[in-house]
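Have a look at the model below before reading on. The report after it takes you through a few of its details.

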Amino acid sequence: MPAGQGTVYVTTGGGGRELTAVGTSSFTAHAEAGFHFTRASVDGDLLLLQMIRVDGSIGDWTTLVKGPGVPNATCGDGLVNQAGETCDGADRAACMGSCQSDCTCAPVCGDGAVNQASEACDGNADAACPGLCRADCTCGTPSEFVILAPIADTYIEAGTEAGWDHGAATFFDVDAKPTGIAYLKFDVSGVPAEVVSARLTLHCTNSSIDGGSVYPVGSSGWIEGDRTGTSSASAGGPGLKWTDVDTNADGVIDGLDTSPFVPDFVHGIRMLGVVTSRKSVTVDLTEAFRSGPGLYTIAIRNDASDGATYVSREGTAASQRPQLRLQLGGPLAGSTTTSSTTTISSSSSSTTTSSSTSSSSTSSSSTSSSRTTSSTSSTSTTSSTSSTVPTTTTTTLPASGSSTYQAGVRA
Ligand SMILES: [Ca+2]
Ligand SMILES: [Ca+2]
Ligand SMILES: [Ca+2]
Ligand SMILES: [Ca+2]
């Protein structure tokens with residue numbers, strides 16, 4: 001637009017809590033349903049807006065420039081602002097470790113890839129020793145691990161099934177419409193050793209953009225029940241029901257409910273992320289299993305009306321049932337093995353964020369701002385904040401359907 005002749009308005013999504021599928025239109029540069037926030041960076045005549053996902057990666061960005069020139073983005077300018085940059089100096093939200101001079105994340109143990117000479121394996125990248133990767137990225141021995149099945153699992157659901165017992169169902173749902181929350185109970189009382197890492201694997205049977213977030217539950221005193229949740233015969237079963245937890249019957253489970261089975265939504269442990277039907281998903285829940293021997297309950301809730309479904313412990317295929325794999329800090333009880341366990345590092349390297357508290361949701365993060373500007377530029381005169389009237393507008397457009405962006409477009 002001509003210099004000094006208008007105001008650019010930028011509308012950014014976020015807020016709310018439920019993810020919904022998003023579409024595209026003729027002027028959409030990027031559309032994505034995901035948890036994110038928008039970061040605005042102002043540097044002189046440059047305004048950079050970025051969609052930052054929960055994992056710190058950048059989903060989309062757009063740049064507005066006042067004045068004649070668009071400064072060249074470089075690796076080293078301290079902002080993730082061009083294709084190929086995962087980080088840049090201190091701007092490294094997507095990195096578990098530091099940012100390297102080439103603007104990529106430095107490899108660390110815990111990033112899920114075997115990418116350092118010291119790593120034999122890393123999380124799910126365990127081809128060198130399937131199922132036996134230690135938290136310190138070395139290969140362990142079978143005696144260091146135990147695999148636990150849940151001793152109970154179920155889900156509770158608002159609405160017409162609020163009084164239903166789903167304890168014997170072959171699956172469990174997490175969903176936001178109606179709200180469905182899954183509960184899994186594990187008995188770690190027979191494991192008298194430090195839990196160095198705990199990884200839960202679930203088998204998904206219904207894809208979702210939000211597989212759910214995992215939360216601790218303070219009490220394991222709930223009953224699984226014996227109804228399958230497939231008919232109204234499930235009403236009134238002995239198992240945990242929505243109506244048991246939503247004690248004030250307002251249709252929402254939160255801190256206003258007095259049930260001991262209200263999940264601790266303030267201390268989310270981990271997100272499952274996008275989950276795909278017929279695939280397994282594994283999450284690191286180490287921090288939830290650090291209290292020593294005993295019973296543990298975790299709950300899974302998502303924020304998408306696009307619900308996810310997982311195989312329960314009653315699932316037909318044993319290999320698809322939930323599994324909690326524990327790496328122990330000492331030999332198993334009764335085990336006579338001594339040598340192989342001495343090298344176990346108890347300094348768990350699983351750091352990570354319990355990112356699930358970052359809220360917001362939705363929708364197309366940014367549309368092409370060349371359209372946006374042209375449609376809003378002409379008449380408005382006042383607008384407080386915009387002393388930054390751009391004379392040149394740069395917008396980032398998708399290069400070719402990928403997530404890499406490049407070219408600036410003059411408005
Ligand atoms: Ca840069
Ligand atoms: Ca690694
Ligand atoms: Ca069950
Ligand atoms: Ca309630």
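What follows covers the ground rules, the aromatic rings and the calcium sites.

## Ground rules

This is a predicted model, where local features need pLDDT of at least 70, side-chain atom pairs count only at pLDDT 80 or more, and totals for chains, interfaces and linings use all residues. Residues are numbered from 1 along each chain as its sequence is written, chains are lettered from A and ligands numbered from 1 in the order in which they are written, and side-chain values use heavy atoms, leaving out hydrogens and water.

## Rings that pair up

You'll find six aromatic pairs here. Rings of Phe, Tyr and Trp (its six-membered ring) pair if their centres lie within 6.5 Å; planes under 30 degrees apart count as stacked, over 60 as edge-to-face and the rest as tilted. One of the pairs is Tyr155 with Phe171, a tilted one with 5.7 Å centre to centre and 40 degrees between the planes. Tyr155 sits in strand E6 (residues 152-157) and Phe171 in strand E7 (residues 171-176), so this pair ties together parts 16 residues apart in sequence. (Strands, E, are DSSP runs of at least two residues, numbered from the N terminus.)

Are these two buried or exposed? Tyr155 is buried at 2% relative accessibility, while Phe171 is partly exposed at 24%. Buried means under 20% relative accessible area, exposed over 50%, and partly exposed in between, using a 1.4 Å probe and protein chains only. Phe289 and Tyr296 make another tilted pair, at 4.8 Å centre to centre and 40 degrees between the planes. Phe289 is buried at 1%, and Tyr296 is buried too, at 9%.

## Charges over rings

Lys185 lies over the face of Trp222, 4.6 Å from the ring centre. Arg301 does this with Phe265, at 3.9 Å. To count, NZ of Lys or CZ of Arg must be within 6 Å of the ring centre and within 35 degrees of the ring normal.

## Calcium sites

Which residues hold the calcium ion (ligand 2)? Val108, Asp111, Ala113, Asn115, Glu119 and Asp122 coordinate this ion at 2.3 to 2.6 Å. Donors are N, O and S atoms within 2.8 Å of the metal (3.2 Å for Na, K and Ca), and water is not among the atoms, so sites may look incomplete. Glu119 is buried at 7% relative accessibility, and Asp122 is buried at 3%.

The calcium ion (ligand 4) is coordinated by Asp246, Asn248, Asp250, Val252 and Asp257, at 2.2 to 2.5 Å. Both Asp250, at 39% relative accessibility, and Val252, at 37%, count as partly exposed.

Key
Helices (H or I, at least four residues) and strands (E, at least two) are DSSP runs, numbered from the N terminus.
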